[in-house]
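Q: Could you take me through this structure slowly, giving the rule behind each term before you apply it?

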Amino acid sequence: MEDGDRLHVVTADHISDQRRRLGKTLVWGSAALMALIFVLQTLDGIGTLTIGFENWRPSLYAYLFWSTCLCVSQVLIRGEHGKRTLFVLPAALFVISMVVFPLLFGLVIAFSDWNLSSPDGRQFNGIDNLRQMAGDPFYWNAMRNMVWYTAAIVVEYAIAFGLALLLNGQIRARKFFRVAFLLPLMLSPVAVSWMIGKSMLEIRFGPISRFMRYIASEPSADLPAPLFWIGSYISDIGQWLGWASPSFFGSAGIARAMIMMMDAWTFIPFMMIMILAGLQAIPRELFEAAEVDGASKWRQFWEVTFPLMLPVSITAILIRIIFKLKLADIIINITSGGPGGATDSVTSFIFREYRDRSNVGYGTLLAIVYLVVIVIAMTILMKLADRWMKPRY
Amino acid sequence: MSAQIFKDSDTDRKFRPVWYLSRGLIYGVLILWAIVCLFPIFWTATTAFKTAPDVMQGNIIPWIDFTPNWLGWRSLGLSPDTIGNESTVREEFLKRFWNSTVVSVTASLFAVVLGSCAAYGLSRFSYKFGFMRNSDISFFFLSQLILPPVVLALPFLVLYKSLDLLDTRIGLIFLYTLTVLPIVIWIMRDQFSSIPTELEEAALVDGLSIWGAFSTIVMPIALPGMVAAFILSLVLTWNEYFFAALLTSSAAKTLPVMVASQTGSQGISWWSMAALSFAAIVPLIIIGIILERYIIKGMAAGAVK
Amino acid sequence: MKVEMYKAIMAAQMSRRNMLKGAASVGAIAAVGGAGALTAPKVANAGGHGDVRAQILQIPGVGMGSPTDADWQRVGELCLGPVRENVAEGEFEGVELTFLGLNNQNLHNFLFRGFLKPWEAYTGAKINWIDLAQADYNPRLQQAIATGTVDFDIIEMGAPFEGDTAGKGLLDEMPEWVKDQIEADDLVGYLQPPVGTWDGKTYRITIDGDCHTFCYRKDYFGDGAIGGAEVPRTWQQVNQVTKDLVGKTDPMTGLPAHGYLDPLKGWGGFGFYFIANRAAAYAKHPNDPAWLFDPDTMAPRVNNPAWVQAIQDVMDLIETPGAYPADQINADPGTTGFQQFLAGTGSMLMWWGDIGSNARTSDTSVVGDVVGFGINPGSDRVYNSQTGQWEDTYNEAPNMAYLGWGIYVTKNVQGDDLKRKAAWSAAAHLGGKDISLWMSAYPSGFQPYRNSHFQYDEWEAAGYDRDYVEDYLGSNADSYNHPNAAIEPRIPGIFQYYSVAEDELAKGFAGQYGSAQETADAIAAAWEGITDQIGRDTQISLYRASLGL
């Protein structure tokens, strides 16, 4: 893809010098206007001039005007090539304008000592925050937890793949199952954490703990002998699993697993539909050919389905990783990172520092470091993925 | 959908018992997972009709375990006996519901339009903006998805304050567009890559401009993908909580903030919580049911070639 | 339980005539309550007030379940009297106000909206509402202050935030006429100035009085009961009883019995109050108003032997299998109060007074008939920070946790007299004498805070039984008027201290630190960091001022 356009267009643009000049005038003229307004507003802001701007909207409008002129001039100056640029340019301008200022300001905050309650406001403190971070065992603990959480994606992927295969098979009520399997994706994390994490997992009366206790309880003696025998066997297993007195958030391992499960519950449908969509796109002839060759279902899967599904799987997993790295809502609402930081994700950890303690400077630094780590990790992952997916292109 | 992948081959028919066993297993797993998916929703829906003793006892099945009650809906002013009266809570709920609808739909539409164009460009042409080539541009867009919201929180507060965009729907729409744009671009890029370029080439030869070809030929083919991207964006923006709590106060407030704040210092009235949660997820459930086939058609249609 | 109570009330429902008679007598026999230290309530306007007061207490009636929006609107309508005296009908036509408050399930802003609906109709003003979840409240407020985005005219705020707002000059001073309208001298002693004032100016319309009181299950204690004959009076006894209850069965639910319920998980800073309950008895020496910090240096006292003992007490119970219900490590105070205690799990609890009014009137409660109240348990010994020695004398110190919510008006209204008057009128309506009675009797999120709330006859007439209400209100009154009450400092960023303490405690309880001492040291270190960040000198002077030094 890098070595040329996929869509080859023969263009025979005759762009007159006049038109080119008009284009350039538009860009530079509007840029000058934007700069002028910006300077005026800055001067007004610091009090050198008194024009009395109420807000920075004029600069915003000037920016919008400049963006429009830039887009128009692309076509004016470069004709057909400009029209191509026009596909990407609006989105790029939008993202840049929305992100650049906040990100720069975020960087400034990250290297400041800023507690919102402090009467002195924000003060630069160099790399003090970095030093503090290095000595903050619970930040690194949260980072470690993220590795666990991310690793859980493998299991989610396996389940999603299995479900997608089932849905793609020859089954009745396919529509029902597909809709049912999709629904968890639609729910808000806030509602999930309350209705599932707090209500369903309630220790005394929640349906899940009641079910577990029921399993672990001794079967009624009135039952016929074989049923009784099975029942007591099941109850032995239940008791061995500790289901007689269920505890969901008491120990570190179980609490982390519960968070993983709830998060998986909402996002398995996402991977599932991506894989299902991929499965449906596999040409049937391939399977027929494999069948003619006498390949077993098992071999068909490993030699036809899975390799074909590799690209979509990688895409699904990558997107899933990104969502997973932002995991926070459920943790904040249900465990607040407890017990003892065992379920803390980096984001939920930062939230407490940032929101509960208004320690904005340090919190932002943690977030930026996290961002850098993610960007590096994702770049490596995507380069690897690109190599794997190469045959596609 | 019509693709029958697991066909009954002759070898299968020879082993009927095995076939039945595998069918049973397949349906067993399907039903089990359907329960896993649906029970929490069922739980939410029924809890909205419970009273305190029902919640305490963990009753499950309406009419058998407990008698449905309008308590939860009454607290929202949405039960049959309060629906006719003036209710400050209902006003609040409806206002937020409307804001949520406007913000999420507009932001998703905006993101799909911007994102589709960008994705089309990225899938068809090679760009060079300075040192940035296509893959870098793609990664640039994608990286917005990675940004932890905490980094942006305070800067956005300051930025929006100076632009007078605090507590406005348009401000929220911009922000939400930003957050879902990457995912739209990702989905749509795969979509467009799967559409053969010959179609457009033919159209271009016939004299259409590139934008003409895009809008009349490519877009209709990519529509399922756009619907999928739209729905996904809708889900993400509809449920967004962090920035909504930060950047809105009274004019543009949205529903998730109301759901979250059901949980305060005075314990939880599960029935109200459930009623509100349920009212908040119903629109998405309906959309999921109606547009489900587009989602699957649209997602990663270009993944396999 | 509920049904029977409901029937009893319906059977005994008074005719309007009887009610008036009962109300009229309220004035006559006011202040007969158990708390002798109370001053006589103001009985001016007893006739007019009494009518309204008896009437609103019947909305919807004890045992009728939680009130709804229609009830709030009716109460608001009935209590408009004082507003009418100061404001002409339609006077605020065209005025728009913005109100920031907590959006708590059916409480706080939900109530205010209902209460102010008739006010809006009468005055012609319009109120826009900003609702915040409890967890968002502090960060949102701090961010608004720090970035200059204070976009609200009226704010519902807790006293601990006065350092952050009044200290930065963001509030509007209360006009004289408001003081008269709300009858401010009716407030209980500890809420009188200096609380509610800053630098000698009054900013706050109190709508809540806060303290933690001890709640226990009466069916656990008494002759032959599983918890022993006596209700524990000290924390040492509380711990012993809790350990002894392991393995016994709850007389009401038939499930395992539990003793004291410590919340082991944080709650956006509010969880700290619960360890402070235990610590207050050990650390709040009668001769020393300070107990959180050293008033000269701001050196934290949280790692002194008294606090370490409190943390150690909790750790002891964690070590005892079965002392706490399962998953207690994930239980925040909301869980211990509402999902455990009111739902019949556990037998002892410290909480705000909400538990008392909720025990009888909330839909969630099953313990209404068997709950008793007292003040914060004491201790056999008390630590003297000055001498660094334990003293073997009995000590008790009720924890005035949070000092209650108030309504404040921000300086946004300055410069527009009509708007200013409207804002204060709305605020005063919510802080009115009669409406507050209703708020303290029904689930509202607010506790009794006026002397006039302790007229037990009114409560009896509303359908509470006398013993219960004397017990419940008495525990509040005794705490409010206790000479050794532990009052929290109103210094900027106080919730940051609480929040970090909560986090470190949670880690300690989960075994991340070696001992109670190490946990306490970690908290102290974090507190020192916050003090330095905010500014030690200003913190010292504000801390001393809030202690009256």
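A: A residue counts as buried if 20 or more other C-beta atoms lie within 10 Å of its own, as exposed if 12 or fewer do, and as partly exposed in between, with C-beta atoms placed from the backbone. By that rule, buried residues make up 62% of the 549 residues in chain C. The model is a predicted one, in which local features need pLDDT of at least 70 and side-chain atom pairs count only at pLDDT 80 or more, while totals for chains, interfaces and linings use all residues. Residues are numbered from 1 along each chain as its sequence is written, and chains are lettered from A in the order in which they are written.

Q: What makes B:Gly72 buried?
A: B:Gly72 has 25 other C-beta atoms within 10 Å, and the cut-off is 20 or more, so B:Gly72 is buried. This residue lies in helix H4 of chain B, where a helix is a DSSP run of H or I with at least four residues, a strand is a run of E with at least two, and both are numbered from the N terminus.

Q: Which residues does B:Gly72 touch, leaving out those up to four places away in sequence?
A: Two residues are in contact if their C-beta atoms, placed from the backbone, lie within 7 Å. On that basis B:Gly72 touches B:Ala48, B:Phe49, B:Trp271, B:Ser272, B:Ala274 and B:Ala275.

Q: How many residues of each domain of chain B are in contact?
A: The domain bounds come from an automatic or database domain assignment, which for chain B gives domain 1 (10–75) and domain 2 (88–298). Eleven residues of domain 1 are in contact with nine residues of domain 2, and the centres of the two domains, taken over C-alpha atoms, are separated by 32 Å. On the side of domain 1 that touches domain 2, the elements that give two or more residues are helix H2 (16–47) and helix H4 (71–75) of chain B. H4(B) gives the most to that side, with four residues.

Q: Why are H2(B) and H13(B) called oblique to each other?
A: Angles under 35 degrees count as roughly parallel, over 145 as roughly antiparallel, 65 to 115 as roughly perpendicular and the rest as oblique. H2(B) and helix H13 (residues 270–298) of chain B pack at an angle of about 120 degrees, with their axes 7 Å apart; axes are lines fitted to C-alpha atoms, for helices over the stretch in contact, and angles run from 0 to 180 degrees between N-to-C directions. The two helices are therefore oblique to each other. In this packing B:Thr44, B:Ala45 and B:Thr47 of H2(B) meet B:Trp270, B:Trp271, B:Ala274, B:Ser277 and B:Phe278 of H13(B).

Q: What makes H5(A) oblique to H2(B)?
A: Helix H5 (residues 174–182) of chain A packs against H2(B) at an angle of about 40 degrees, with the axes 8 Å apart. That angle makes H5(A) oblique to H2(B). The residues that meet are A:Phe177, A:Ala180 and A:Phe181 in H5(A) and B:Leu30, B:Trp33, B:Ala34, B:Cys37 and B:Leu38 in H2(B).

Q: How many residues of this contact of H5(A) with H2(B) are nonpolar, polar or charged?
A: Ala, Val, Leu, Ile, Met, Phe, Trp, Tyr, Cys and Pro count as nonpolar, Asp, Glu, Lys and Arg as charged, and the others, Gly among them, as polar. The contact of H5(A) with H2(B) has eight nonpolar residues, no polar and no charged ones.

Q: How many residues of chain A and chain B are in contact?
A: 92 residues of chain A are in contact with 92 residues of chain B. Helix H2 (residues 57–110) of chain A gives the most to the side of chain A that touches chain B, with 18 residues. That side of chain A divides into 63 nonpolar, 15 polar and 14 charged residues.
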